Amino acid sequence: MSMTQHAEPAVTTPPAPGPKETDGRTAQRSTALRLLARPEVGVFLGALAVLLFFLITAPPMRDAGSMANILYQSSTIGIMALPVALLMIGGEFDLSSGVAVIASALTAAMITYQLSMNVWVGVLLALAMSLAVGFLNGWLLVRTGLPSFLITLGTFLILQGINLAVTKLVTGNVATDDISDMDGFSQAKAVFASSFDVGGVEVKITVVWWLVFAALATWVLLRTRYGNWIFAVGGNKDSARAVGVPVTFTKISLFMLVGFGAWFVGMHQLFAFNTVQSGEGVGQELIYIAAAVIGGCLLTGGAGSAIGPVFGAFMFGMVQQGIVYAGWNPDWFKAFLGVMLLGATLINLWVSRAATRR
Amino acid sequence: MSRMSLPRSRRIVPAVAVAAAAALVLAGCSSSSGGKKAEESAAGVSAGKADTPRLTIALVTHAPSGDTFWDTIRKGAEAAAAKDNIKLIYSNDETASDQAALVQNAIDQKVDGIAVTLAKPDALEDVVAKAEKAGIPVVGLNAGLDVWKEQGLLSFFGQDESISGEALGKKIDGTGVKHALCVIQAQGAVNLEQRCAGVKKAFGGKTDILYVNGTDMPSVKSTITAKLKQDSSIDEVVTLGAPIALTAVQAVDETGSKAKIATFDLNKDLVKAIEAGTIEFAVDQQPYLQGYLAVDSLWLYKNNGNFSGGGEQPVLTGPAFVDKSNVKAVAGFAAKGTR
């Protein structure tokens, strides 16, 4: 997508979306309108609308435990949606992110089990593997100049095949062996898949990690040089390079960040469910991308935020579970999901249009 | 394009650090429990080898790749092939038209026999007729109980999905359960819908259906959790696959629901759960037997003209129940991934 030419002038500094910006255009509008124009505010209002809707139509949603469940589902999407969003702001897609999660979990499980190692050995080697896959994606991209859509479609298929073939080769089965009785498992579970009590409600640790990562990503995007580079390479790669932005480094590291996210979610799945089936994960990449887009990241790159995808993932998790809480006819489930998402996205669009209109 | 913007050494340092850390950990940290070392050496089912002429048999299924259930069918077929001096060609595709293309592929290879699953029988009708016209014997397995005879197949090995659903429904009916939840992991799959319909038919209480996304376990767990919370009267969760059942255990646990869990199909972790009592029972359709018998019957037909089931009746491999009373007998086989 980054390969298409952009009409807008070269971005040498990031658009620096932030209330601090005070150039002549925005100063003419009220603070409220300026706030509404930000992409993450639109999705926030969309999410709020969905939340209110379900609070009214689905009584079980009013329970705090239900919210914890929705947040859990949202966090497993959201942790991956963050690096996927950063990559998208940087102008690229990663279609291999869904199966990369499973690839990482399989690696950790098989290394641990087959070599009878402490699970942390598997966890670390899985991290190395995930970062290597991300590096490969990025390196192929900058080397060949092909669209990331094609390159990651390739790695998506390769990983899908490897997941199955290697698992079968190593374990003789298509799922990994249960590692829950091995050394270090409980420690790793505490890090990746534990839960804690907040006023009688069980909250999953992934929710905390999700918010921590989101805060970190926001800081990087808005307050660091690296954040500027991300916006710059997504806006216009060639102009970015012309003004000295390290395009190659930025793109490769963004893919490696997706690798890191895949590792983290993969470890969560492994330590939450003890085993992994090698065929899982297919199709998840689109959900991550959807969360980022709903969250206001441009499909063409160069614009977006880290907080938007948080609400995007939250909205996705809420719709998915809200339909169940509401007890609607399950035959319609997918159709409901689609309608709710489109509706929420339209609210998002309408709000930002209304806010920017003069 | 190829120029890196950071000095090479700065990128290599973290990689070296990770590698060094990994090497250290590898050197020092073997697990003292579990793992491969703890696994018993698993000798496969083996019964010598026939001295009949070498045959080539194709097994074409509608299996999704990387699914434990279908892997067991394949293992059964491979065991029979090894014993019968058969070269087995396994192929699978979930899409009906692509599965038909795979059957055509087997015909083109002039195989000596074809074993096929008829999950979407209409899509496969033409290509099955083509194989029969080419003089290739065809047997059915797993799916297609209603149509195998009219499509001219020699034999059929499997279970009736509706009847197995009814068997499960009857079994939970007598246990004081009032409200069952049937969890379907792939919306629109005919055999899965038939199972839940069977449960609904035979079970006296109320049966609800819940669709989950079977390729994403966290979402399966959240969705079952949500449903249990939405309707606290649910006191039985019925799942249609072993990994889904194991995830349902966690969901039931976390919601504090009193629901019991019953499931279709087995794997080795599920056997452990039945031993531990977290899962009540499983309806086993013996996938290993389906794969094994399908291949073995083609061998018998080729070498001795036999028809399994007499050409009239299907050979039923299920439903067999595995619960706490008989799980011990199954456990050893399940650990090898053959039951």
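Which residue in strand 4 of chain B is the bridge partner of B:I114?

A quick word on what we're looking at. This is a predicted model, in which local features need pLDDT of at least 70 and side-chain atom pairs count only at pLDDT 80 or more, while totals for chains, interfaces and linings use all residues. Residues are numbered from 1 along each chain as its sequence is written, chains are lettered from A and ligands numbered from 1 in the order in which they are written, and side-chain values use heavy atoms, leaving out hydrogens and water.

Now, the answer: the partner of B:I114 is B:V138. Strand 3 (residues 113-116) and strand 4 (residues 138-142) of chain B pair in the parallel sense over three bridges. Strands here are DSSP runs of E, at least two residues, and helices are runs of H or I, at least four, numbered from the N terminus; two strands pair if DSSP finds at least two bridges between them. In general, strands of a sheet pair through backbone hydrogen bonds, either parallel or antiparallel.

Zooming out, chain B has an open sheet of six strands, in the order 2-1-3-4-5-11, with parallel pairing. Strand 2 (86-92) and strand 11 (315-316) of chain B each have a single partner strand, so one side of each is left without a neighbour in the sheet.

Next, let's see where the chains meet. In chain A, 61 residues are in contact with 56 residues of chain B, contact being heavy atoms within 4.5 Å. The two chains bury about 5,000 Å² between them, 54% of it on carbon and sulfur atoms; that is the accessible area (1.4 Å probe) lost on being put together, summed over both. On the chain A side, A:S116, A:F273 and A:V324 lose the most area to chain B, together 11% of what that side buries.

There are three salt bridges between chain A and chain B, meaning a side-chain nitrogen of Lys or Arg within 4 Å of a carboxyl oxygen of Asp or Glu. One of them joins the side chains of A:K204 and B:E254 at 2.8 Å, N to O.

Let me finish with A:Q321, found in helix 14 of chain A. A:Q321 has a relative accessible area of 0%, so it counts as buried (under 20%; exposed is over 50%, partly exposed in between, with a 1.4 Å probe and protein chains only). Not counting residues up to four places away in sequence, A:Q321 touches residues of both chains, including A:N69, A:Q73, B:S219 and B:T223.
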